[in-house]
Amino acid sequence: MRKLIILGGGYGGLAIANELLEKQLPYDVSIVLIDRMPFQGLKTEYYALAAGTVSDLELRVKFPVDPRISLAYGEVTDVDMELKLVHLEGQDSIAYDWLVIGLGCTDRYHGIEGAEQYATSIQTFSSARKTYALLNDVKPYGQVTIVGGGLSGVEVAAELRESRPDLNIRILDRGPRVLSAFPGKLQSFVADWFQEHNVEMRGHVGLTRLEGGILHDCNSSTPIYTDVTVWTAGIQPVELVQRIALPKDNQGRLIINEYHQLPDYNDVFIVGDCASLPLSPSGQAAGAQGKQIAEVLQAIWHDKNPRLGKIKLKGVLGSLGKKSGFGIMGGTPILGRVPRLVKSGVLWRSKRHLG
C-alpha cells in the first residue's frame with residue numbers, strides 16, 4: 001500500500017484530504033492525516049475565542065470519516081526526506097511515499113526581549129484559550145494592550161470591546177496607523193469605529209523590551225503600563241520548518257516549484273503558511289493551494305501531466321465586533337454590515353466543508 005501523509009489538519013491539509021476523498025482514490029493509496037488535535041480549529045476565528053464571544057466548541061470542525069483515511073494524533077518532531085520518514089514524539093516513525101507539510105505558523109517576535117515570555121498569543125487553539133482566560137480575568141477598568149495593528153490585532157480589539165466594555169483597550173503599531181497595508185478609505189473607517197468605541201490607537205511605537213506589565217518604546221522615555229499584552233505583530237513558519245535546511249524566502253517560508261513541491265524532493269508538497277507563495281498567508285490561500293495539490297497528486301497517480309491555473313482569491317474580510325466589518329472584494333473596499341454578514345456566511349460554509 002502506498003501512503004500519502006498530510007502533516008496538519010488546517011485549511012490546506014484538510015482541503016487536500018477532502019478533495020482526494022471526493023474523487024476516485026487509487027485502490028493502493030491510503031491517506032494518513034496527522035495533527036496534534038482531534039479536530040480542525042477555525043483559526044481565522046481565534047480572535048473571538050480569545051475575546052470570549054464564542055465557545056471553542058463552535059470553532060471545531062470534525063476531520064473526515066472515511067475508510068481510505070486514517071487519523072494519527074501527536075507532535076511532529078522531525079521529517080527525514082532521505083529515508084522518507086515522519087518522526088512523532090513518543091510514537092513510532094511513519095514511512096511515506098508522498099508527504100504534505102501544512103503545519104502552519106507561529107508568532108514572530110522580531111528579537112524583542114521578553115515578548116515571548118510576557119505577551120499572550122492567538123496562534124494556536126490552546127494559546128487562544130489561555131489568552132481568553134487572561135483577558136477575562138482582567139478586573140474592570142484594567143488595561144489590555146494589543147501589539148500589532150494588522151487584521152488580527154484589529155479583530156481582537158473590536159471583539160474584546162464588545163465583550164468587555166469596562167476595559168481600557170489600546171493597539172500599538174510600528175507604522176503610523178492601523179491596517180497600514182489596506183486602502184486609506186478602509187483604514188479611516190476602522191479608525192473611526194475605534195474612536196467611537198474608545199479603543200486607543202498608538203502608531204510609531206518601536207518596542208524594545210517587555211517585562212511583566214511594562215512595555216518599553218524606543219521612541220518615548222515613558223513606559224507603557226498594561227495588565228495583559230496580546231501579540232499579533234507578525235508570523236513565521238513553525239519551528240520544524242525553520243529547522244529544514246532548504247531554500248527559503250525572506251519570511252522563512254520554503255521555496256516551492258509550480259506544482260507546490262520542494263524542488264529537491266518532488267514527493268514533498270508544502271501548503272499554507274510554510275509555503276513561499278506570492279500571496280499573503282491566509283486560510284483562503286491555503287485552501288486554494290490545497291485543491292491544486294490534490295490535482296497534482298491525482299495527475300501523478302494517473303500518469304497525467306497536471307495543468308494548474310493561477311490561484312485567485314475572492315478577497316479579504318475582517319470583523320469589527322458582531323455587527324460591523326470591512327473587506328476588499330475584487331479590489332473594492334466594502335465597509336459596514338455587509339462584509340460582516342458575508343464573513344458569517346463564509347464561516348458557516350467552512351464549518352460544513354462547503355468551501
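This is a predicted model: local features need pLDDT of at least 70, side-chain atom pairs count only at pLDDT 80 or more; totals for chains, interfaces and linings use all residues.
Me: Let's start with S6, S7 and S8. In what order do they sit in the sheet, and is the pairing parallel or antiparallel?
Reply: The order is S6-S7-S8, in an open sheet with antiparallel pairing. S6 (76-80) and S8 (94-95) are the edge strands with a single partner strand each, so one side of each has no neighbour in the sheet.

Me: How many bridges hold S7 and S8 together?
Reply: Two, with S7 covering residues 85-88. Leu85 sits opposite Ala95 in S8.

Me: OK, switching to the sheet with S11 in it. What's the strand order there?
Reply: S13-S12-S11-S17, four strands in an open sheet, paired in parallel. S13 (199-202) and S17 (228-231) are at the edges, each pairing on one side only. From one strand to the next, the twist averages 20°.

Me: And how many bridges between S12 and S13?
Reply: Four, in the parallel sense, with S12 spanning residues 168-172. Ile171 has Met201 in S13 as its bridge partner.

Me: Which strands does H5 lie across?
Reply: S11 (143-147), S12, S13 and S17, and H5 runs at about 175° to S12.

Me: How does H5 cross H6?
Reply: The axes of H5 (residues 151-163) and H6 (residues 184-196) come within 11 Å and cross at roughly 30°. Angles under 35 degrees count as roughly parallel, so that is what H5 is to H6. The crossing is left-handed.

Me: Which residues make that contact?
Reply: From H5, Val154, Ala157, Ala158, Arg161 and Glu162; from H6, Val190, Trp193 and Phe194. Six of the contact residues are nonpolar, two are charged and none is polar.

Notes:
Residues are numbered from 1 along each chain as its sequence is written. Side-chain values use heavy atoms; hydrogens and water are left out. Two strands pair if DSSP finds at least two bridges between them. Axes are lines fitted to C-alpha atoms, for helices over the stretch in contact, and angles run from 0 to 180 degrees between N-to-C directions. Angles under 35 degrees count as roughly parallel, over 145 as roughly antiparallel, 65 to 115 as roughly perpendicular and the rest as oblique. A crossing is left-handed if the near helix is turned anticlockwise from the far one by less than a right angle, and right-handed if clockwise. Contact means heavy atoms within 4.5 Å. Ala, Val, Leu, Ile, Met, Phe, Trp, Tyr, Cys and Pro count as nonpolar, Asp, Glu, Lys and Arg as charged, and the others, Gly among them, as polar.
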